[in-house]
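Welcome, and please open the structure in your viewer. We will take it one selection at a time.

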Amino acid sequence: MSGSRAAAAVVMIALASSGILTGGKKKAYGVVAGTVFRDPGFALPEAKVVLTLRGDPKAKKLQEELTNYRGEFLFQVPPKEAVYVVKASMKGYGPEEKEATISGEDRADVNLVLVPLNK
């Protein structure tokens, strides 16, 4: 990509994130993010992470993704007060889950550690 194209791309991203390109309506959201590690502390890429709402009698899956090469994940959620359950799992490891509280346009960080199953 040429220098002028790269500069134009940066300007477009800045305008979009500021709300100028969307008529001044910037989309608001909260963030639930974190990292999945494997015991003894190394990042765990491609672990499945599922987000549900605490207290949902059916534990309906709201979002799901695989962690990136650094074991990281990120979910955008509505900017209202809610408690979410974040559960990580991967074949060969025991699952782990933790809660994350969002009360607006804030960020909740969750770190999960999966322990290898004994054979």
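Is Lys61 buried, exposed or partly exposed? Select Lys61 and show its surface: Lys61 is partly exposed, because its relative accessible area is 48% (buried means under 20%, exposed over 50%, partly exposed in between, with a 1.4 Å probe and protein chains only).

Before moving on, note that this is a predicted model, in which local features need pLDDT of at least 70 and side-chain atom pairs count only at pLDDT 80 or more, while totals for chains, interfaces and linings use all residues. Residues are numbered from 1 along each chain as its sequence is written, and side-chain values use heavy atoms, with hydrogens and water left out.

**The whole chain**

Colour by secondary structure. You will find 1 helix and 8 strands, and from the N terminus the order is α-β-β-β-β-β-β-β-β (DSSP runs numbered from the N terminus: helices are H or I with at least four residues, strands are E with at least two). Of the 119 residues, 29% are buried.

**The sheet**

Now select E4, E3, E6 and E7. In that order they make an open sheet of 4 strands with antiparallel pairing (two strands pair if DSSP finds at least two bridges between them). Strands E4 (61-66) and E7 (96-102) are at the edges with a single partner strand each, so one side of each has no neighbour in the sheet. From one strand to the next, the twist averages 20° (axes are lines fitted to C-alpha atoms, for helices over the stretch in contact, and angles run from 0 to 180 degrees between N-to-C directions).

Zoom in on E3 (residues 48-53) and E6 (residues 82-89), which are antiparallel and joined by 6 bridges. Thr52 is opposite Val85 in E6.

**Inside, at Val86**

Stay in strand E6 and pick Val86. Val86 counts as buried because its relative accessibility is 0%. Beyond its neighbours within four places in sequence, Val86 has contacts that include Val32, Leu51, Phe73, Ala100 and Leu112 (contact means heavy atoms within 4.5 Å).

**Charged pairs**

Side chains of opposite charge can pair when their charged atoms come close. The whole structure has 4 salt bridges (a side-chain nitrogen of Lys or Arg within 4 Å of a carboxyl oxygen of Asp or Glu). Glu64 is partly exposed, at 39%.

Next, show Glu72 with Arg70, a salt bridge with closest N and O atoms 3.0 Å apart. Finish at Asp109 and Arg107, another salt bridge, at 2.7 Å between the closest N and O atoms; both residues are exposed.
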